[in-house]
Amino acid sequence: MERATNGQIATMPIEFKLDGRTVVGRPDEPIIETAARHGVEIPRLCYKPGLRPDGNCRACVVEIKGERVLAPSCCRFPAAGMEVSTDSARARASQKMVLELLLSDMPEKEYRLDSELDQWARKLNLGLPRFPSRTQPAADLSHPAMAVNLDACIQCTRCVRACREEQVNDVIGLAHRGDRTEIVFDLGDPMALRNLVTDLRPEWIVHCPAATDVAWCETHPEDAERINAEASGTLASAAAAAGSRLLYVSTDAVFDGSRGPYAESDGTAPCNVYGRTKRKGEDLVQRALPSSLIVRTNLYGWNVQPKQSLAEWVLDRLEAGEKLGGDQRDVADQRLLGAPQHAAVELAVLRHQKSRSTCVAETASARTAISPM
Ligand code: SF4
Ligand code: FES
């Protein structure tokens, strides 16, 4: 007699009881799928056919006779003679509690009419949640082409699994613990960052990504610290472990702009969150990989991306007749080569390139006119 292959064993029928009814499942089919084939709907949020089951939301728990704890049906497989209850009082209470807790964290604004969470809540006749909402994460609108708003995220990790296991590009990750758990991207995912560097072992890493929106950094100091400082340190230590060299693009905002141009030996005195977090990034990079090259630069000119360079941003406002307010002006003066007169010259040159006409740019303490050749 021939032995059955593993593939054959995986598809062998298994009889078990589902809500008192005898059904036929398979050793490789999770209970949630067998139930669906037999017309029994079990709530589910993190489960999605085609993606590896993760079992993190616990909306799909069922009661199995003789077992002390409820089991997530999306990652539990049947055994012969098993008795599963999907709608016992205990299973239902737990499913409802999960949904209610997640509902209580939802923003007031409704983004989608087909929200799976809302659909399951309706099916299980849930009313308004009884619990207070968490503090909603602030939207990240710092990039001109991409916005990230996680206020309706239930941390199901479908996006992480799709990105990591289907697309095989480790761009999205899950960071932190407890009520600080959140979906993060690239630099915010230290493990993904380390894995990437270890896998590629590049000769050089040019590290330019940063939270560069100065105003955003002021209102999101913890995020700025994480991106500009901590992630840079993580990258440097990963580079050190992989034997790679690192160029860290810092900023002239580590200086206060009271004079200039600055030399490498000049003391730093950042006057905003952006400058302080980039300065801390320099320290962490140097500590982790002392041979790193740190460049304090300010790139300016027309940006080829939709994003505006700082000089363009200032120029547009001046051309629109707006006055830069106190903080904005300080930032503009400080960032554009650290000295007001240089800032004025740069802005005038940009404007001249754009309009080919005589123009005047004025900042904190300088006024410069440039005429067409
Ligand atoms: S952002 Fe990702 S983790 Fe959050 S709800 Fe959407 S798919 Fe799930
Ligand atoms: S759907 Fe099973 S744990 Fe989320």
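A: Buried residues make up 33% of the 373 residues in the protein; a residue is buried if 20 or more other C-beta atoms, placed from the backbone, lie within 10 Å of its own. This is a predicted model, in which local features need pLDDT of at least 70 and side-chain atom pairs count only at pLDDT 80 or more, while totals for chains, interfaces and linings use all residues. Residues are numbered from 1 along each chain as its sequence is written, with chains lettered from A and ligands numbered from 1 in the order in which they are written.

The protein has 12 helices and 12 strands, which are DSSP runs numbered from the N terminus (helices H or I, at least four residues; strands E, at least two).

Now for the pair itself. Helix α6 (residues 190-200) packs with helix α8 (residues 221-242) at an angle of about 30 degrees, and their axes are 9 Å apart; axes are lines fitted to C-alpha atoms over the stretch in contact, and angles run from 0 to 180 degrees between N-to-C directions. That makes α6 roughly parallel to α8, a term for angles under 35 degrees. From α6, the contact is made by Pro190, Leu193, Arg194, Val197 and Thr198, and from α8 by Ala231, Thr234, Leu235, Ala238, Ala239 and Ala242. Two residues are in contact if their C-beta atoms, placed from the backbone, lie within 7 Å. By class, the contact of α6 with α8 has 8 nonpolar, 2 polar and 1 charged residues; Ala, Val, Leu, Ile, Met, Phe, Trp, Tyr, Cys and Pro count as nonpolar, Asp, Glu, Lys and Arg as charged, and the others, Gly among them, as polar.

Conventions
A residue is buried if 20 or more other C-beta atoms lie within 10 Å of its own, exposed if 12 or fewer, and partly exposed in between; C-beta atoms are placed from the backbone. Angles under 35 degrees count as roughly parallel, over 145 as roughly antiparallel, 65 to 115 as roughly perpendicular and the rest as oblique.
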